[in-house]
Amino acid sequence: MSNGKKIFDFNKHLQDNFWLYIISILCIFTGIVLGIYAVKYMENFENESLLSYLNSFTQNISQGNFKYKSMFNDILKNNFPIIIAIWFLGLTMIGIPIILIIDLMKGFTVGFTISFVIKAFGGKGIEMAILGILPQNIIYILCIIISSVIAMEFSLNIIKDKLNRQWSNSIFIKVSSYSLVFIIIFFIQCTGFLIETFIIPNIMKLIMV
């Protein structure tokens, strides 16, 4: 397959699923806005509890009290289930609303984290957000948006094929191709895992000097 053909196929995918991308992106950004406002209206007790945890976390990083393997495992545990959930929901005919909720929750987490760090550390928090939070989350969000759209497209195709009674004829090939795309997305996401594990802690350490 030539590069031109690949580009054409990708462009066709974007064109065919334009509104699914718009909906997914809107859910992500809505979640980010909600996360920012959630920090603004937090109770004092919740604020102090999270601030204590954040101070402890940043202190451990600044002192070098962290293990790369343990950190990588924690990051994997936090992110891998999301991709698996989206993959599974795409195999169902009722998964689209839940996929969009996952997008919303991911946006909320990013917005909340960035907003809270900036609120807690001020000007230094902006550096931490830009250099310590955004890099890996840009990769995560792009992977979630693409996987969400592919899952929603697959779910819609299931409904369409069920109505046309074509689904049973090629179920194995379709599910295999669908799963292969998710495996590729996961390996792309692993780039974010490696950045967050091996690069971000050292960047944060320099910022907090």
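In this predicted model, K12 is partly exposed, with a relative accessible area of 41%. The side chain of K12 forms a salt bridge with that of D16, the N to O distance being 2.8 Å. Both residues belong to helix α1 (residues 3-16), where they are four residues apart, about one turn of the helix. A search of the whole structure finds one salt bridge.

The cysteines present a separate topic. The structure holds zero disulfides. A disulfide is a covalent bond between the sulfur atoms of two cysteines. For C143, the closest cysteine sulfur is that of C190, 9.2 Å away and therefore too far for a bond; the cut-off for a disulfide is a sulfur pair within 2.5 Å. C190 is likewise in no disulfide, its nearest cysteine sulfur being that of C143. C143 is buried, and C190 is buried as well.

The relative accessible areas of the residues discussed are as follows.

| Residue | Relative accessible area | Class |
|---|---|---|
| K12 | 41% | partly exposed |
| C143 | 5% | buried |
| C190 | 15% | buried |

Helix α5 (residues 96-121) packs against helix α6 (residues 123-164) at an angle of about 180°, and their axes lie 10 Å apart. Because of this angle, α5 is roughly antiparallel to α6. Sorted by class, the residues in the contact of α5 with α6 comprise 19 nonpolar, six polar and three charged. C143, which is buried, has a residue number within the range 123-164 of helix α6.

Notes
Residues numbered from 1 in each chain as written. Predicted model: local features only at pLDDT ≥ 70, side-chain atom pairs only at ≥ 80, totals over all residues. Heavy atoms only, no water. Axes fitted to C-alpha atoms, helices over the stretch in contact; angles between N-to-C directions. Helix = DSSP H or I, 4+ residues; strand = E, 2+ residues; numbered from the N terminus. Parallel < 35°, antiparallel > 145°, perpendicular 65-115°, else oblique. Nonpolar A, V, L, I, M, F, W, Y, C, P; charged D, E, K, R; others polar. Salt bridge = Lys/Arg side-chain N within 4 Å of Asp/Glu carboxyl O. Buried < 20%, exposed > 50% of the residue type's maximum accessible area, 1.4 Å probe, protein only.
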